[in-house]
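Work through the exercises below with the structure in view. Try each task before reading its solution.

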Amino acid sequence: MRKKIIKAASVAVAVLALTLGLAACGQSQTSAAQNTDPTINVMLDWTPNTNHVGLYAAKALGYYKDEGINVNILPVSSAGAEQAVETGVANIGFSTLSNVAAFDAKGAHLQLILDLTQKDVAIWCALASNKSIKTPKDFSGKTFVTFGSAEQKAVLREMIKNAGGTGQFSTITVGTSTFQTLESGKGTFGGFYATWEGVESQLYGPKLTCFKSVDWGVPGNPTQLGYAVNTSWEQAHEKEVQEFVDATARGYAYAIANPIQAAHLLVQGAKPTQVPIKLAEASMEDIINNNYWGNSKQIAAAWEKTKSDATLSASELGGFGNINFSEAQNYLDFLWKNGVYDTQSNPSPAQPNAQTLGTNRYVDAK
């Protein structure tokens, strides 16, 4: 899992990321000047993968053009998508509801406008070759490979204690591959996404022994992944936000109805990043089979029924992208009770409220 450490970042770094992002997207000054449609800059949270496939599909298939907007897809900067959106370097960023809560607790003004994952996709794994790991209890006293997230630690402590362990473990912070750190023996277990690294492990190795937090007493859905905006920018650009949500939801619905074609659009659109086509195809199959984005058959059927409609809205896809506020609040309450938020800061943050951290108004709009 790519949970980022909340930290301040300079505008200079963010501006550099924007410049590089535009170059990567092949957006020349000449072509931008010739196109009068409003442009939305969207920053990813990590390297391109199937979490972003709807974005690439919507761009390649002209769904954004149908709505009357341009979309530039920016690679993630060292500051992170949330910081880029908060400072205005990007208009929309790929994030999680819990990351939005963490940033807003520090004074940011972010809100999730579309929730992609309707089921938890986080997995907590050790190498399958480590035969001593049979349940999360066996993580007790071992070394967790982390990106520095207090949220991850809280989830793991709860899983371990509910499995009968002490809840105590050491950590090693890495900035590159969790797989490599596990294989080196420097760490025992780490966090991944089932739909990407989990599939990657099955295809290429190393094999993993994995657990999900929902099976070990952690409430709610920890991985409500989607798109976040700065509320000030949102209020001034509601029309463009609605157009973005409609086109992006349509892109994800296309991907569910046409997984192989969508995987190829991701691979082509993400260049020069090299996304393995076999991995992208297998990931789409896993997403569809496990209904991670909602009822796959219903979403595909809705897309097929209305695929010729250039003004297809998110609501016509059965509410695809809705935030489950009940699950969200349960998880945020768990994080609050486990001291994830810095209540000693001045001013002290309020307990997170899912209803203010996210909205379904754009997904539900007809």
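Two exercises follow, each with a worked solution.

The model is predicted, so local features need pLDDT of at least 70 and side-chain atom pairs count only at pLDDT 80 or more, while totals for chains, interfaces and linings use all residues. Residues are numbered from 1 along each chain as its sequence is written, and side-chain values use heavy atoms, without hydrogens and water.

**Exercise 1.** Determine where Asn99 is found and whether Asn99 is buried or exposed.

Solution.
- Step 1: Asn99 belongs to helix H6, residues 97-105 (helices, H or I, have at least four residues and strands, E, at least two; both are DSSP runs numbered from the N terminus).
- Step 2: The relative accessible area of Asn99 is 6%, so this residue is buried (under 20%; exposed is over 50%, partly exposed in between, with a 1.4 Å probe and protein chains only).

**Exercise 2.** Describe the open sheet of 5 strands and the helices H7 and H9.

Solution.
- Step 1: The strand order is E7-E6-E8-E5-E9, with mixed pairing (two strands pair if DSSP finds at least two bridges between them).
- Step 2: Strands E7 (170-173) and E9 (208-211) are the edges, each pairing on one side only.
- Step 3: E5 (residues 122-127) pairs with E9 in the antiparallel sense over 4 bridges. Trp124 has Phe211 in E9 as its bridge partner.
- Step 4: Helix H7 (residues 150-162) lies across E5, E6, E7, E8 and E9, at about 70° to E5 (angles run from 0 to 180 degrees between N-to-C directions, with axes fitted to C-alpha atoms, for helices over the stretch in contact).
- Step 5: Helix H9 (residues 194-204) also packs on the sheet and touches E5, E8 and E9 (contact means heavy atoms within 4.5 Å).
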